[in-house]
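Here are my notes on the model, as numbered points. Please read them with the structure open.

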Amino acid sequence: MFKCLEMLNTYKDNYPLVTVFIPCYNHEEYILHTLESIRFQTYTNYELIIIDDCSTDRSCDIIEKWITENDIQCQFIRHTINQWICKTINEVLEKAEGTYFSGCASDDIWQPYKL
């Protein structure tokens, strides 16, 4: 099983890019677990877009620290005016480069084989 995963990661350019999107609003309690569950996906050919929609808690600080400490290549967008979920998703769809799109709530976690 792990040999297959190793081969998948070696040849990831042959697998479609998946856009993973995390909308966040005031989920400082959960966001780190969410981010870690994305980081430990076995399928690695994905781009990550995180959008914070004007959180008033420490969500942005936690996200920025996680990105820096783990050297994560992603797009992190911080809204200055709350856009609500529909407008936020439309913004992500404009920026997405993946063949496939998968959203993860900022208070959710994914099992390692989700993608």
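1. The protein has 4 helices and 4 strands, and from the N terminus on the elements run α-β-α-β-α-β-α-β.

2. Some conventions apply throughout. This is a predicted model, in which local features need pLDDT of at least 70 and side-chain atom pairs count only at pLDDT 80 or more, while totals for chains, interfaces and linings use all residues. Residues are numbered from 1 along each chain as its sequence is written, and side-chain values use heavy atoms, with hydrogens and water left out.

3. On burial, a residue is called buried under 20% relative accessible area, exposed over 50%, and partly exposed in between (1.4 Å probe, protein chains only). Buried residues make up 37% of the 115 residues in the protein. The exposed surface comes to about 7200 Å², and carbon and sulfur atoms supply 53% of it. These areas come from the Shrake-Rupley method with a 1.4 Å probe; for residues, only the protein chains shown count as cover.

4. Contact means heavy atoms within 4.5 Å. Among contacts in the protein with a separation of 6 or more, 82% are between residues 24 or more positions apart.

5. Which residues touch the most other members of the largest nonpolar core? A nonpolar core is a set of buried Ala, Val, Leu, Ile, Met, Phe, Trp, Tyr and Cys residues joined through side-chain atoms within 4.5 Å. The largest has 17 residues, and Ile22, Leu48 and Ile50 touch the most other members. Two or more residues each come from β1 (18-24), α2 (31-39), β2 (46-52) and α3 (59-69). Leaving out residues up to four places away in sequence, Leu48 touches Val20, Ile22, Ile38, Trp66, Ile72, Cys74 and Gln75.

6. A second, separate core has 5 residues, including Phe21, Ile49, Ile77 and Val92. Ile49 lies in strand β2 and is buried, with a relative accessible area of 0%. Neighbours within four places aside, Ile49 is in contact with Thr19, Val20, Phe21, Ile22, Gln75, Ile77, Val92, Lys95 and Ala96. Of these, Ile77 is 28 residues from Ile49 in sequence and 7.8 Å from Ile49 in space, C-alpha to C-alpha.

7. Thr88 is worth checking by eye. This residue is found in helix α4 (residues 84-95), and Thr88 is buried, with a relative accessible area of 2%. Beyond four places in sequence, Thr88 touches Phe21, Ile51, Asp53, His79 and Gln83.

8. Next, helix α2. Its buried residues are Ile31, Thr34, Leu35, Ser37 and Ile38. Seen down the axis of α2, these fall within an arc of 160 degrees, so they line one face of the helix; the arc is that of the directions from the helix axis to the C-beta atoms. The buried residues of α2 pack against β1, β2 and α3.

9. A salt bridge is a side-chain nitrogen of Lys or Arg within 4 Å of a carboxyl oxygen of Asp or Glu. By this rule there are 4 salt bridges. One of them joins the side chains of Glu28 and Arg58 (3.4 Å, N to O). Glu28 lies in the loop between β1 and α2 and Arg58 in the loop between β2 and α3, so the pair ties together parts that are 30 residues apart in sequence. Glu28 is partly exposed at 31% relative accessibility, and Arg58 is partly exposed at 48%.

10. Other salt bridges lie within helices. Arg39 pairs with Glu36, the closest N and O atoms being 2.8 Å apart; both lie in helix α2, 3 residues apart, about one turn of the helix. Arg39 is partly exposed at 31%, as is Glu36 at 22%. In Glu69 and Lys65 the closest N and O atoms are 3.8 Å apart. Glu69 is exposed, with a relative accessible area of 57%, and Lys65 is exposed, with 52%. An α-helix has 3.6 residues a turn, so residues three or four places apart point the same way.
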